[in-house]
Amino acid sequence: MKICVLVKEVPDAAVEKRIDPSTGRMDRSGEKNLNPYDTHAIEAAMQLKEGGALQVDEIVAVTMGPESAVRALHKAVSLGADRSIHLTDAALAGSDVAATGYALAKALEKEQPDVVLLGQQSDDGECYTIGAVVAEHLKAPSLTQVIKLDVVDGGLRCERQAEYGYDTVQVSLPAVISVGDAINEPRYPSLKAIMGAKKKPLETASAADAGIDASLVGGDGSRVQCGEFKAPPAKAAGTIIEDEDTDATVEQIVAWLDERKLI
Amino acid sequence: MTASTTAAPALRPNDFLNIDSLLSDEERLIRDTVRQFVAREVVPNVGEWFEEARIPRELANELGDLNVLGMHLTGYGCAGASATAYGLACMELEAGDSGVRSLVSVQGSLAMFAIWRWGSEEQKQEWLPRMAKGEAIGCFGLTEPDAGSDPGSMRTRARRDGDEWVLNGQKMWITNGSISDVAVVWAQTDEGVRGFLVPRGTPGFTAPEIHKKLSLRASVTSELVLDDVRLPDSARLPEANSLRGPLSCLNEARYGIVWGAAGAARACLEAAVEYSKTRIQFDKPIASFQIIQQRLAEMATKVNQATLLALHLGRLKDAGQLRNEHVSMGKLANVNAALEVARTARQVLGANGITLEYPVIRHMNNLESVVTYEGTADVHALVIGNALTGISAFR
């Protein structure tokens with residue numbers, strides 16, 4: 001059995017995100033990191049592999065992104081993936097969610113994974129939708145915001161976090177599953193794994209290698225065209241209550257909420 | 001002169017001189033991993049450990065899982081990382097607490113290094129893999145109550161008795177002593193200084209803990225008492241036959257301190273910057289006052305200088321060019337700088353600077369040990385003086 005984990009390189013959480021007005025895309029210069037939600041997906045894959053209820057032969061990390069995205073793959077491999085695939089091509093730059101999902105699905109088609117895992121959102125775009133788009137192209141069931149995964153009857157029993165509570169869904173494989181950060185506590189990569197990451201196979205694929213129709217990807221192939229961007233209005237300064245006497249602090253918080261008819 | 005058209009990257013206060021740009025991706029990933037570990041497992045708890053004067057034994061296992069223990073050694077389950085990567089790990093560990101870095105230094109650079117460098121193949125096989133995993137803890141006994149800067153005057157003696165050795169003496173200020181599964185003990189013999197591996201539970205060997213410390217409280221410090229301890233000759237480190245044996249180990253550990261001190265200083269600087277921006281006096285953050293900004297600027301300069309110095313020594317060590325005199329300069333400069341930064345940060349924090357709610361007084365007290373252990377600042381100055389003049393002031 002093969003698990004593919006979709007990963008993404010995103011601006012580091014400490015970097016203030018902004019749209020580059022000249023391109024209409026997110027400014028991705030500066031410090032970057034592996035999307036933290038994806039580390040939960042890798043951990044979920046590792047736990048399926050180590051759990052033993054499924055015979056997982058291989059975990060493959062897959063990303064689409066510029067040259068620098070190799071670093072996200074190195075980190076994914078240091079967290080446990082066996083090898084990685086870097087889909088990179090100038091023609092892919094500027095792809096919207098639908099185009100990105102299509103391109104990733106094409107790369108995955110060649111791999112024929114039994115399970116595709118990914119973080120439920122990226123720390124930059126925060127669209128929550130890539131999993132569903134990929135699943136649609138792969139004609140596989142899509143489950144999102146999964147916070148518990150158990151192997152039951154050869155398939156996966158998933159607990160989804162929904163606004164109204166939890167859904168428990170039994171899904172047969174193959175399936176595309178996006179996971180929430182409550183699903184697990186990702187392990188630290190060991191130093192040996194970090195140092196061994198560069199020795200694990202890394203395949204670089206162009207759009208053509210993956211059989212991607214270039215007219216469906218990139219800025220021109222995307223149906224979403226971004227127009228004007230505005231910075232969000234500056235937040236008003238908050239109120240800081242010094243907690244000197246907890247009863248008094250609670251009273252102040254309750255009064256504050258009450259004033260705004262929030263309780 | 002050519003004009004550059006690319007703009008310099010934005011300035012990051014926590015890496016003012018962009019020292020990150022001097023590190024490889026792999027070095028940064030190792031550093032970030034240890035930093036994350038420290039942020040999650042050490043920082044939230046270490047104030048309490050310090051107050052209660054303890055360090056959880058499980059921390060060694062967790063550090064073993066990370067491959068930090070003996071990470072710069074090769075084979076026997078060790079990671080085989082570069083000296084620079086090891087230094088970066090020491091920096092992050094000591095940004096958490098000098099006691100945590102001491103645990104790792106003593107385990108990896110003193111106990112494991114002694115076995116790795118001077119031990120027999122059997123000794124390496126027996127101890128190193130377990131020590132790398134944190135399953136076994138090691139300590140290093142050189143210093144004695146009356147032999148500190150002058151280890152050659154040690155009184156601990158080992159005498160041959162048939163095929164065996166009999167050890168008598170006392171070691172002092174031994175980090176990890178009471179929790180150790182194996183102690184590397186150095187003793188005078190008729191043949192010169194020799195090292196011995198003394199397993200826990202050996203008859204006549206005890207390791208009582210030293211209490212009432214006001215520094216390195218999140219660290220175990222002990223005496224080692226050897227009262228007619230009988231050991232087979234196979235317990236002797238066969239490759240070590242002079243004081244050069246233990247001194248080589250200390251040089252390894254001191255190298256880690258050069259980095260660690262920079263980490264402790266950085267933690268104090270960060271606490272001071274953060275505090276000064278949120279502490280309101282005279283209706284404005286105290287960071288608005290020039291005197292505070294000057295202090296922050298001087299602290300930041302020291303932290304960046306210390307980090308660059310540590311990195312330079314790391315690159316020299318990886319190139320096989322590092323001399324013990326270089327390490328002396330690094331330890332002297334960086335621990336003194338860290339102490340100044342800690343003391344300044346302590347003042348910026350006012351009364352809050354003396355509580356364990358903030359890291360500053362803990363680092364400040366710890367550094368008071370770091371400045372004298374593994375070679376006092378004074379002796380390191382004399383080593384440098386000797387190298388500059390050709391005249392030894394202490395031998």
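**Surface patches and helices of chains A and B**

B:Pro129 is partly exposed, with a relative accessible area of 26% (buried means under 20% relative accessible area, exposed over 50% and partly exposed in between, with a 1.4 Å probe and protein chains only). The model is predicted: local features need pLDDT of at least 70 and side-chain atom pairs count only at pLDDT 80 or more, whereas totals for chains, interfaces and linings use all residues. Residues are numbered from 1 along each chain as its sequence is written, chains are lettered from A and ligands numbered from 1 in the order in which they are written, and side-chain values use heavy atoms, with hydrogens and water left out.

B:Pro129 lies in helix α5 (residues 121-133) of chain B (helices are DSSP runs of H or I of at least four residues, strands are runs of E of at least two, and both are numbered from the N terminus). Between B:Pro129 and B:Gly70 the C-alpha to C-alpha distance is 9.7 Å, at a sequence separation of 59 residues.

Helix α3 (residues 83-96) of chain B, with 14 residues, reaches 20 Å from its first C-alpha to its last, close to the expected 20 Å. Because 14 of the 14 residues of α3(B) are buried, this helix is largely enclosed by the rest of the structure. Helix α8 (residues 324-348) of chain B has 25 residues and should span 36 Å, in agreement with the 36 Å between its end C-alpha atoms. After α8(B) comes B:Gly350, with a positive phi near 55°.

Chain A contains seven helices and 13 strands. Its C-alpha atoms fill a box of roughly 65 × 50 × 40 Å along the principal axes, and 46% of the 263 residues of chain A count as buried.

A negative surface patch on chain A consists of A:Glu242, A:Asp243, A:Glu244, A:Asp245, A:Asp247 and A:Glu251. Patches are made of residues with over 30% relative accessible area and no salt bridge, like charges being joined within 9 Å and nonpolar side chains (Val, Leu, Ile, Met, Phe, Trp, Tyr) within 5 Å; a salt bridge is a side-chain nitrogen of Lys or Arg within 4 Å of a carboxyl oxygen of Asp or Glu. A:Asp247 belongs to helix α7 (residues 246-259) of chain A and is exposed, at 58% relative accessible area.

A nonpolar surface patch of about 480 Å² is made by A:Val250, A:Val254, A:Trp256, A:Leu262 and A:Ile263. A:Val250 is also found in helix α7 of chain A, where A:Val250 is partly exposed with a relative accessible area of 45%.

Notes: Areas by Shrake-Rupley, 256 points an atom, 1.4 Å probe, with all protein chains shown as cover. Lys, Arg positive; Asp, Glu negative; His and termini not counted. Charge placed at Lys NZ, Arg CZ, Asp CG, Glu CD. Expected span 1.5 Å × (residues − 1).
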